[in-house]
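Q: Hi, could you walk me through this model? I'd like to ask a few quick things as we go.

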Amino acid sequence: MAPQRSAALRRNLVAAKDVRAKAEGLARRVDVQRDKPSRLEAEEAVRTLLRYAGDDPEREGLLETPARVVRAFDEFFQGYEQDPEAVLARTFEEVEGYDEMIVVRNIDLFSHCEHHMVSFVGRAHVAYLPDKRVVGLSKLARVVDIFARRLQIQEKLTVQIADAIERVLHPKGVAVVIEARHDCMATRGVHKPDAMTVTSRMTGAFRTDPSTRREFLAMIRGA
Ligand SMILES: [Zn+2]
């Protein structure tokens, strides 16, 4: 009995730590939201960058540019306003006992690197092994979008998607693979336009069971 109880206790401690980390993250987000500059201030900042680039923000072709850039920002970074766990929370159990791997491959991915604020573009493949509960397939793509529409590095993005699915669905395993081209490597710096970065996160059976992992990798290659 004792070892079981201590395992339960450990789980509770981990859960409590999760709750605390989440609360701290939320508090920070509230601060960031409160200090959020106005649209006019953001447009003014774009004018400064235009001048820094060596151009004249008052010339005709650039007059509307600051407003357009700020509107584009609203789209690129709308993921900050969205909660991926809320998206995943509506699960269902009536799946006629389906307990095989669920794979959504080739999810278009469009994000921005947090080091240079330029885009990286690619595809995500997301899979999980359900433990009774499943979630609508489009929700997996939505979760990719929500995390992608924030400033990211590909490694963190990969882990965040996998962990959100893990936390909400408690499946027998999660696998996320992302392949992307980074504009910050293509158009500046080392100038390698064809370099493809591949990252993966595997948990549960995808990590421990080689045949599950093989099946997943074969599926995302379209075999
Ligand atoms: Zn970069």
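Q: How much of the protein chain is buried?
A: Buried residues make up 23% of the 223 residues in the protein chain. A residue is buried if 20 or more other C-beta atoms lie within 10 Å of its own, with C-beta atoms placed from the backbone. This is a predicted model: local features need pLDDT of at least 70 and side-chain atom pairs count only at pLDDT 80 or more, while totals for chains, interfaces and linings use all residues. Residues are numbered from 1 along each chain as its sequence is written.

Q: Thanks! How many helices and strands are there?
A: The protein chain has 9 helices and 7 strands. Those are DSSP runs numbered from the N terminus (helices are H or I, at least four residues; strands are E, at least two).

Q: Which residues touch the most other members of the largest nonpolar core?
A: Ala124, Val126, Val143, Val144, Ile161, Ile165 and Val176 do, out of 33 residues in that core. A nonpolar core here is a set of buried Ala, Val, Leu, Ile, Met, Phe, Trp, Tyr and Cys residues joined through C-beta atoms within 7 Å.

Q: And which element gives the most to this core?
A: That's α6, with 7 residues.

Q: What does Ala124 touch?
A: Leaving out residues up to four places away in sequence, Ala124 touches Ile107, Leu109, Val144, Ile161, Val176 and Ile178. Touching means a contact, with the C-beta atoms, placed from the backbone, within 7 Å.

Q: Switching to Leu129: where is its place, and why does it count as buried?
A: Leu129 is in strand β3. Leu129 counts as buried because it has 21 C-beta neighbours inside 10 Å.

Q: What separates the C-alpha atoms of Leu129 and Val174?
A: They are separated by 6.6 Å, although the two residues are 45 residues apart along the chain.

Q: New topic: at what angle do α2 and α3 pack?
A: Helix α2 (residues 39–53) and helix α3 (residues 65–76) pack at about 115°, with their axes 8 Å apart. Axes are lines fitted to C-alpha atoms, for helices over the stretch in contact, and angles run from 0 to 180 degrees between N-to-C directions.

Q: Which residues in α2 and α3 meet?
A: On the α2 side, Arg39, Ala42, Glu43, Val46, Arg47 and Leu50 meet Thr65, Pro66, Ala67, Val69 and Val70 in α3.

Q: Last one: how is the protein chain divided into domains?
A: Domain 1 is 39–75 and domain 2 is 77–220, with bounds from an automatic or database domain assignment. Their C-alpha centres lie 33 Å apart.

How values were computed
Buried ≥ 20, exposed ≤ 12 C-beta atoms within 10 Å, placed from the backbone. Contact = placed C-beta atoms within 7 Å.
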